[in-house]
Amino acid sequence: VLALHLQIHPDKVPTFRSRLKQLQRLEFPPGVNVGRGLKMEYTSEHLFMLATVFEIIGLGLPAQAACKMVIDHWSHFSGGFALAALQERAFNLDRPDQVLAVVHLHSLHEIQFSSTRGRISHSEVTICDASAVASEFVTHDYDRNYSRIVVSIGRLLTRLLAIARDNAGVVSAGIYDADFHAWLPGEKAQGYRFKTCLLYTSDAADERSS
């Protein structure tokens with residue numbers, strides 16, 4: 001699934017396997033470094049974690065930094081995938097607003113500080129829809145952080161599921177997978193901003209409505 005998703009040339013699949021082993025040596029995704037001679041059973045969570053980390057690596061981040069980011073923010077990334085699956089179910093054939101992961105990188109975090117938070121973390125992740133991201137361009141939200149990395153969680157979800165179903169023979173691959181329900185964010189989860197998604201909207205007071 002990953003090889004097809006990342007458009008790996010058939011002759012380069014062994015090289016891609018080596019890249020995956022490099023991530024395993026970094027203990028990513030968690031739980032797959034089971035040792036030599038033992039067969040590992042990958043889960044859907046491992047697939048989505050790997051797909052996410054390769055998106056970040058593809059943007060130029062070193063593998064170790066990308067792995068740390070995905071692990072540290074997996075509750076947000078996985079929540080984004082779950083919300084995207086819910087949107088696809090609700091809207092059926094109508095194309096819903098995109099669910100996006102907006103990443104703030106703080107590459108100088110080790111020598112920076114915030115007057116309100118003290119030490120700055122290496123990264124922040126917000127899950128939102130495209131309308132919420134667009135609204136930031138007409139407000140003052142860019143006064144502090146001028147740059148964003150945006151990953152289309154919704155499009156990534158549908159592509160991976162389609163490849164798993166149509167090319168890898170995973171008949172059960174779909175937006176109704178039970179794993180997605182387990183990934184849904186809790187009632188008081190922070191870091192979610194939606195303007196048009198009827199399943200998970202928030203206003204300035206961070207209230208939720210359906």
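Is Cys128 buried or exposed? In this predicted model, Cys128 is buried, with a relative accessible area of 2%. Cys67 is likewise buried, at 3%. The structure holds zero disulfides.

The protein comprises eight helices and eight strands. Of its 210 residues, 40% are buried.

Helix 7 covers residues 153–166. The buried residues of helix 7 are Ile153, Gly154, Leu156, Leu157, Leu160, Leu161, Ile163 and Ala164. An α-helix has 3.6 residues a turn, so residues three or four places apart point the same way. Among the buried positions of helix 7 are Ile153, Leu156, Leu157, Leu160, Leu161 and Ala164.

The mean pLDDT of the protein is 82. A value of 70 or more is reached by 78% of the residues. Among the elements, helix 1 (residues 2–5) has the highest mean pLDDT, 96. Strand 8 (residues 208–209) has the lowest, 36. Over residues 201–210, pLDDT stays under 50. For that stretch the model has 18 contacts beyond four places in sequence. Where pLDDT is low, the predicted coordinates should not be read in detail.

Notes. Residues numbered from 1 in each chain as written. Predicted model: local features only at pLDDT ≥ 70, side-chain atom pairs only at ≥ 80, totals over all residues. Heavy atoms only, no water. Helix = DSSP H or I, 4+ residues; strand = E, 2+ residues; numbered from the N terminus. Buried < 20%, exposed > 50% of the residue type's maximum accessible area, 1.4 Å probe, protein only. pLDDT = per-residue confidence, 0-100. Contact = heavy atoms within 4.5 Å. Expected span 1.5 Å × (residues − 1). Disulfide = S-S within 2.5 Å.
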